[in-house]
Amino acid sequence: MTDLLLLPGDGIGPEVTAQVRRIAEALAPDLAIAERLFGGCSYDAHGEPLTQAVLAEAKAAKAVLMGAVGGPKWAGAPRDKRPEAGLLALRAGMEVFANLRPALCFQPLADASSLKRELVEGLDFMIVRELTGGIYFGAPRFIEDLPGGGRRAVDTQVYTTPEIERVARVAFQLARGRRNLVHSAEKSNVMDSGLLWREVVTDLHAREFSDVRLEHILADNAAMQMVKNPKQFDVLVTDNLFGDILSDEAAQLTGSLGMLPSAALGAPGKPGLYEPIHGSAPDIAGQGIANPLAAILSFEMALRWSLDRADLADRLFAAVGRALDRGARTTDLGGALSTAQMGDAVLAQL
Ligand code: NAD
Ligand code: IPM
Ligand code: MN
């Protein structure tokens, strides 16, 4: 049985997951690790970005850790065969509806952010992004030719009560173990799905979580507040699309997109899907300079949330902190270390 299924993917995906593998083998030599093709490389080999066999292995593993998928090479592939379509199919197939994206600024990186030090020093909040619904999955979706020329494209945002409730429940439960504050972001001022989102979160709060402070916030204001005063947030729950955008913004607060890990969780006992939130970074792929810390910290989350090794997660988290304390920096953080040298720096602290 596989404990950890690695899906390195495309672009910098294999570069950063190689460092995860070194660290996993050093820290937890008993873990049974397997590695499979996924994304553009799987499309090239099998004509599918996610084969049924790999999906079955993902569902049978204890945890799945992917690098990143996609890139210009597959821009012309049919929509349902694109690497990103494989990623959506993996998330849906694993039923991982709650995506935890922690925006945590390591102390020595407070100067690496493009925001002023005092705004990000000590920053620690959690974005809970709904991951298997909303406009990413809604039907109908199509592009059609119009009779008079031109075309028409349709995407559909759909949410049901249970979909909103289950992700909001995760957010409230997380807040109880943190600073007890949840912001729920939507566009209830213009979208029916936003209106339902607000109602369902309000009801759930009243029924089960009235001990937690709840603030509703419009998503555009949330984007602004995040750069004005990010430390006001503790847990921020939002839909799939807003969560995608707000988490890239949050990553920059922590110093770099290369710092932000994620854990996608489903029902208790089911495997989690762990992924850095960044993409395949075609602009730097192949150069060996990508920051592997978002991937390494995703493994840290896997140890904690799926592999039942919180002790090892603590050790890994501390090792990353010490490596940064000692000045380890890839180029995105203003340093000169290669991907492998950053891996070395973390290994040295383990
Ligand atoms: P991206 O996240 O790949 O890159 C955005 C910018 O951040 C680039 O300048 C890149 O060099 C930099 N960056 C990203 N990760 C970095 C790291 N670890 N270290 C240093 N710098 C890093 O976003 P994009 O360019 O918009 O997308 C490229 C491709 O990746 C697209 O095909 C997109 O669909 C895909 N994508 C995949 C995932 C995923 O697999 N989970 C996530 C996001 C984007
Ligand atoms: C992410 C990515 C993906 C998303 C893409 C590649 C499908 O941007 O994980 O943040 O939009 O969810
Ligand atoms: Mn994204």
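I take a polar contact to be a pair of N or O atoms within 3.5 Å. With that cut-off I began at Y136, where a polar side-chain atom lies 2.6 Å from an oxygen atom of ligand 2. So the pair counts as a polar contact. I note here that the model is predicted.

**Entry 1: ligand 2**

I looked up what else surrounds ligand 2. I found E84, L87, R91, R101, R129, Y136, D244, E275 and I277. R91 places a polar side-chain atom 2.7 Å from an oxygen atom of ligand 2. For D244, I read 2.9 Å between an N or O atom of the side chain and an oxygen atom of ligand 2. How much of ligand 2 does the protein bury? On its own the ligand exposes 320 Å², and the protein buries 77% of that.

**Entry 2: ligand 1**

I then moved to ligand 1. I counted 22 residues around it, and the closest are V69, E84, G279, A281 and D283. E84 is also listed around ligand 2. G279 uses the backbone: one of its polar backbone atoms is 2.7 Å from an oxygen atom of ligand 1. N291 also uses the backbone, with an N or O atom 2.9 Å from a nitrogen atom of ligand 1. E275 uses its side chain, where an N or O atom is 3.1 Å from a nitrogen atom of the ligand. I had already noted E275 among the residues around ligand 2.

Which elements give two or more residues to the shell? They are β3 (63-68) and α4 (83-94). I sorted the shell by residue type as well: 11 nonpolar, 7 polar and 4 charged.

**Entry 3: the two domains**

I checked how the chain is divided. Domain 1 comes in two segments, 1-97 + 266-350, and domain 2 covers 107-263. Their C-alpha centres are 23 Å apart. Between them, domain 1 and domain 2 bury about 2200 Å². Carbon and sulfur atoms account for 70% of that area.

**Entry 4: backbone points**

I stopped at two spots in the backbone. Is the peptide bond from A139 to P140 cis or trans? I found it cis, with omega near 5°. P140 sits in strand β6, residues 138-145.

The other spot is N180. Its phi is near 65°, a positive value in a residue other than glycine. I placed N180 in the loop between α6 (161-176) and β8 (181-186).

Technical notes
Residues are numbered from 1 along each chain as its sequence is written. Chains are lettered from A and ligands numbered from 1 in the order in which they are written. This is a predicted model: local features need pLDDT of at least 70, side-chain atom pairs count only at pLDDT 80 or more; totals for chains, interfaces and linings use all residues. Side-chain values use heavy atoms; hydrogens and water are left out. A residue is near a molecule or strand if one of its heavy atoms lies within 4 Å of it. A polar contact is a pair of N or O atoms within 3.5 Å; within protein, one must be able to donate a hydrogen and the other to accept it, and residues adjacent in sequence count only if both atoms are side-chain atoms. Helices (H or I, at least four residues) and strands (E, at least two) are DSSP runs, numbered from the N terminus. Ala, Val, Leu, Ile, Met, Phe, Trp, Tyr, Cys and Pro count as nonpolar, Asp, Glu, Lys and Arg as charged, and the others, Gly among them, as polar. Domain bounds come from an automatic or database domain assignment. Buried area is the accessible area (1.4 Å probe) that two parts lose on being put together, summed over both. Accessible areas come from the Shrake-Rupley method with a 1.4 Å probe; for residues, only the protein chains shown count as cover.
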